[in-house]
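Morning, everyone. I have one structure to go through today, and I will keep to a few side chains.

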Amino acid sequence: MEKLFKLPKGIKRKIVLLSLAIFFIYFGIDHFINPDFYLSIMPPSFPLHQEAVYISGLFEIIGGMGILIYRFRKIAGWGLFALLIAVYPANIYMAVTPSAFPDIPIFILYLRLGLQFIFLYWAYTITCREYN
């Protein structure tokens with residue numbers, strides 16, 4: 001069992017890995033529990049809204065679980081990195097269309113744009129040698 005999960009050395013790396021896994025698993029599940037929110041942030045020009053919400057939620061769950069399993073950690077980290085790039089247009093849409101999200105303060109809409117880069121870096125770090 002220890003070989004299956006093989007956590008990285010150091011408390012900071014363990015916290016980064018576990019926090020990222022919890023984040024993606026939680027929000028992946030949330031895509032299925034609260035799909036209306038995710039549907040509302042899809043740019044109108046994008047096709048297959050409902051399918052995209054469920055597929056991205058599924059990949060968030062798979063990626064979050066994948067980074068916990070040593071054997072899949074690197075590929076799951078790259079998958080989450082790609083997923084974050086794929087969903088970035090939704091964050092842009094939210095920031096440039098604040099009238100569509102009156103309940104969310106505008107600074108939060110713009111903060112999401114910056115946070116995405118932090119999560120990209122976080123997902124990238126999981127692919128590095130120190131975590132594998």
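I will start with the aromatic rings and end with one histidine. Bear in mind that this is a predicted model.

A search of the whole structure turns up eleven aromatic pairs. Take Trp78 and Tyr124: their rings sit 5.7 Å centre to centre with 65° between the planes, an edge-to-face arrangement. That pair joins distant parts of the chain, since Trp78 belongs to helix H5, residues 73-96, and Tyr124 to helix H6, residues 106-126, with the two 46 residues apart. Trp78 has a relative accessible area of 36%, so it is partly exposed. Tyr124 is also at 36%, and so partly exposed.

The next pair is Tyr88 with Phe117, again edge-to-face, at 5.6 Å between centres and 65° between planes. Here too the link is between distant parts of the chain, Tyr88 being in helix H5 and Phe117 in helix H6, 29 residues apart. Is Tyr88 buried or exposed? Its relative accessibility is 19%, and the cut-off for buried is under 20%, so Tyr88 counts as buried. Phe117, at 52%, is exposed, because the threshold for that is over 50%.

There is also an aromatic cluster, made up of Phe23, Phe24, Tyr26, Phe27, Phe119 and Trp122.

Now the histidine. His31 is in helix H2, which covers residues 11-33. Its relative accessibility is 5%, so His31 counts as buried. What does His31 touch, leaving out residues up to four places away in sequence? The list is Tyr38, Val53, Tyr54, Ser56, Gly57 and Glu60.

That is what I have.

Key. Residues numbered from 1 in each chain as written. Predicted model: local features only at pLDDT ≥ 70, side-chain atom pairs only at ≥ 80, totals over all residues. Heavy atoms only, no water. Helix = DSSP H or I, 4+ residues; strand = E, 2+ residues; numbered from the N terminus. Buried < 20%, exposed > 50% of the residue type's maximum accessible area, 1.4 Å probe, protein only. Contact = heavy atoms within 4.5 Å. Phe/Tyr/Trp six-rings, centres within 6.5 Å; stacked < 30°, edge-to-face > 60°.
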